[in-house]
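Subject: Structure handover

Hello,

Here is the structure I promised to pass on. Please open it first, then read my notes below.

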Amino acid sequence: MQQFFKALDEKAGWLLNAVAFVTSLLVMGLMLFLILARYVFGWSLVGILELVMLAGMWLYMTGALIASRRHEHLVVDFLELQLRDARLKALHKTLVAVIVAVISACFVYWALRMLAWGVQRPQHTPELSIPLWVSQAAIMTASIGCFCYALRDVWQGGVELRAARSSYSLAKEES
């Protein structure tokens, strides 16, 4: 089972990196094209900024997922660095993971409501008529992914907490 989740995580990581790479190229390429078209060739192109914003939204949300996957998201670790006991560190890690999971679940709910609203009351971008739910789907995808990674962190925290408790009880029995 653990091998399955490891393989799934590796495939998800590859997919996230590919999406981030492609959307980065799109944002950079489209902005460069827009600047050249406007200021070098004097063309007035409509809709390019809509594509940049769409690619940018997917890039930002993919970046959030990559950071969550790698444990590189924004953290305040002052208390964690002060803890010396392995049990307290594991307990702290688990508690933080549970709080993040609850908050992520709220984001999933809110993103689902936003996406449902966008589908029920369809709106489109002014120039290219891209449905707004396309960019809202990026938020939904990121919220579900972050929630899954938060559940992973809760699981890992629980494993570390059990390991710290068992090593503490073994050390206590030996003394």
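Buried residues make up 29% of the 175 residues in the protein. Keep in mind that this is a predicted model. The accessible surface comes to about 12300 Å². Carbon and sulfur atoms account for 70% of that surface.

**Overall layout**

The protein has 5 helices and 0 strands. Along the sequence, the pattern reads α-α-α-α-α. The radius of gyration is 22 Å, well over the 16 Å that the globule rule gives for 175 residues, so the protein is more spread out than a compact globule. The C-alpha trace spans about 80 × 40 × 35 Å along its principal axes.

Take the contacts between residues at least 6 apart in sequence: 76% of them join residues at least 24 apart.

**Helix 1**

Helix 1 covers residues 2-40, which is 39 residues. At 1.5 Å a residue, it should span 57 Å. Its end C-alpha atoms are 55 Å apart, which agrees.

Its buried residues are Gly13, Leu16, Ala20, Thr23, Leu30, Leu34 and Ala37. An α-helix has 3.6 residues a turn, so residues three or four places apart point the same way.

After helix 1 comes glycine 42, with a positive phi near 75 degrees.

**The core**

Which residues form the largest nonpolar core? There are 7 residues: Leu16, Ala20, Leu65, Ile66, Ala142, Cys146 and Tyr149. Helix 1, helix 2 (48-69) and helix 5 (133-174) each supply at least two residues of this core. Helix 5 gives the most, with 3 residues.

Leaving aside residues up to four places away in sequence, isoleucine 66 touches Leu16, Asn17 and Ala20. Leu16 and Ala20 are core members too, and both are on the buried list of helix 1.

**Helix 4**

Helix 4 runs over residues 86-120 and has 35 residues.

The buried residues of helix 4 are Ala90, His92, Thr94, Ala97, Ala101, Ser104, Val108, Ala111, Leu115 and Gly118.

Serine 143 is in helix 5. Is serine 143 buried or exposed? Its relative accessible area is 8%, so serine 143 counts as buried. Its side chain reaches the backbone oxygen of methionine 140 at 2.9 Å. Not counting residues up to four places away in sequence, serine 143 touches Ser104, Phe107, Val108 and Ala111. Of these, Ser104, Val108 and Ala111 are among the buried residues of helix 4.

Serine 135 is in helix 5 too. At 17% relative accessibility, serine 135 counts as buried, because the cut-off is under 20%. What does serine 135 touch? With residues up to four places away in sequence left out, serine 135 touches Leu54, Met57 and Trp58.

**Loops**

- Histidine 71 has a positive phi, near 60 degrees. It lies in the loop between helix 2 and helix 3 (78-82). Histidine 71 is partly exposed, at 42% relative accessibility.
- Serine 129 has a positive phi, near 55 degrees. It lies in the loop between helix 4 and helix 5. Serine 129 is partly exposed, at 45% relative accessibility.

Arginine 121 is also in the loop between helix 4 and helix 5. At 46% relative accessibility, arginine 121 counts as partly exposed. How far apart are the C-alpha atoms of arginine 121 and leucine 132? They are separated by 10.0 Å, and the two residues are 11 residues apart along the chain.

**Where to start**

I would begin with isoleucine 66 and its contacts to Leu16, Asn17 and Ala20. Then go to serine 143 and the 2.9 Å approach of its side chain to the backbone oxygen of methionine 140. Finish with the positive phi values at histidine 71 and serine 129.

Best regards

Note on methods:
Residues numbered from 1 in each chain as written. Heavy atoms only, no water. Helix = DSSP H or I, 4+ residues; strand = E, 2+ residues; numbered from the N terminus. Expected span 1.5 Å × (residues − 1). Buried < 20%, exposed > 50% of the residue type's maximum accessible area, 1.4 Å probe, protein only. Core = buried A, V, L, I, M, F, W, Y, C linked by side-chain atoms within 4.5 Å. Contact = heavy atoms within 4.5 Å. Polar contact = N/O pair within 3.5 Å; in protein donor to acceptor, adjacent residues only side chain to side chain. Rg over C-alpha atoms; globule rule 2.2 N^0.38 Å. Areas by Shrake-Rupley, 256 points an atom, 1.4 Å probe, with all protein chains shown as cover.
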